[in-house]
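Work through the exercises below with the sequence and the 3D view open. Try each task before reading its solution.

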Amino acid sequence: MHYVYILKCADHSYYTGCTQNIEERLKKHNAGHVHYTSNRLPVMLISYLAFPDKYKAFNFEKYLKSGSGIAFRNKRLV
């Protein structure tokens, strides 16, 4: 499975990403190994969605980072 996840950072910003292993990816975020979140720690997992197809997961992540996707995220997912 491939997961699209949303994190809430300490500065109240959101980070959207895609991974095959949410637990490991969250550990990397909280350890400061991800550039965007490294100075916004700690981060908290807000939501995630599972996709059997990695391309659908990547496309949904890309959508969530677009203008209408951010509006959808704020209204429906966080």
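A polar contact is a pair of N or O atoms within 3.5 Å, and residues adjacent in sequence count only if both atoms are side-chain atoms. Keep that cut-off for the first exercise. The model is predicted.

**Exercise 1. Find which side chain makes a polar contact with the side chain of R73.**

Step 1. Locate R73: the residue sits in helix α4, residues 67–77.

Step 2. Look at its side chain. The R73 side chain makes a polar contact with the side chain of N74, at 2.9 Å. That distance is within the 3.5 Å cut-off.

**Exercise 2. Decide whether R73 is buried or exposed, and find the nearest side chain of opposite charge.**

Step 1. R73 is buried.

Step 2. Search for a partner. The nearest side chain of opposite charge is D11, 11 Å away. A salt bridge needs a nitrogen and a carboxyl oxygen within 4 Å. R73 has no salt bridge.

Step 3. List what R73 does touch. Leaving out residues up to four places away in sequence, the contacts are I6, Y14, T16, L64 and V78.

**Exercise 3. Work out how the axes of α3 and α4 cross.**

Step 1. Helix α3 covers residues 54–64. Its axis comes within 6 Å of the α4 axis, and the two cross at roughly 90°.

Step 2. From α3 come F60, Y63 and L64. From α4 come S68, G69, I70, F72, R73 and L77.

**Exercise 4. State how many salt bridges a search of the whole structure finds, then describe each pair.**

Step 1. The search finds 3 salt bridges.

Step 2. Take D11 and R40. Their closest N and O atoms are 3.1 Å apart. This pair links distant parts of the chain, 29 residues apart. D11 is in the loop between β1 and β2, and R40 is in the loop between α2 and β3. D11 is partly exposed at 41% relative accessibility. R40 is also partly exposed, at 22%.

Step 3. Take E24 and K27. Their side chains meet at 3.6 Å, N to O. Both residues lie in helix α1, 3 residues apart, about one turn of the helix. E24 is partly exposed at 38%, whereas K27 is exposed at 54%.

Step 4. Take E61 and K65. Their salt bridge has an N to O distance of 3.0 Å. E61 is buried, with a relative accessible area of 15%. K65 is partly exposed at 48%.

**Exercise 5. Inspect the backbone: which peptide bond is cis, and what phi do H12 and G32 take?**

Step 1. The bond from L41 to P42 is cis, with omega near 0°. P42 lies in the loop between α2 (35–38) and β3 (44–51).

Step 2. H12 is not a glycine, yet has a positive phi of about 70°. H12 lies in the loop between β1 (2–8) and β2 (14–19). H12 is exposed, at 58% relative accessible area.

**Exercise 6. Find what a side-chain oxygen of N21 reaches at the start of α1.**

Step 1. Helix α1 spans residues 22–30.

Step 2. The N21 oxygen comes to within 3.2 Å of the backbone nitrogen of E23.

Conventions
Residues are numbered from 1 along each chain as its sequence is written. This is a predicted model: local features need pLDDT of at least 70, side-chain atom pairs count only at pLDDT 80 or more; totals for chains, interfaces and linings use all residues. Side-chain values use heavy atoms; hydrogens and water are left out. Helices (H or I, at least four residues) and strands (E, at least two) are DSSP runs, numbered from the N terminus. Buried means under 20% relative accessible area, exposed over 50%, partly exposed in between (1.4 Å probe, protein chains only). Lys and Arg count as positive and Asp and Glu as negative; His and the chain ends are not counted. A polar contact is a pair of N or O atoms within 3.5 Å; within protein, one must be able to donate a hydrogen and the other to accept it, and residues adjacent in sequence count only if both atoms are side-chain atoms. Contact means heavy atoms within 4.5 Å. Axes are lines fitted to C-alpha atoms, for helices over the stretch in contact, and angles run from 0 to 180 degrees between N-to-C directions.
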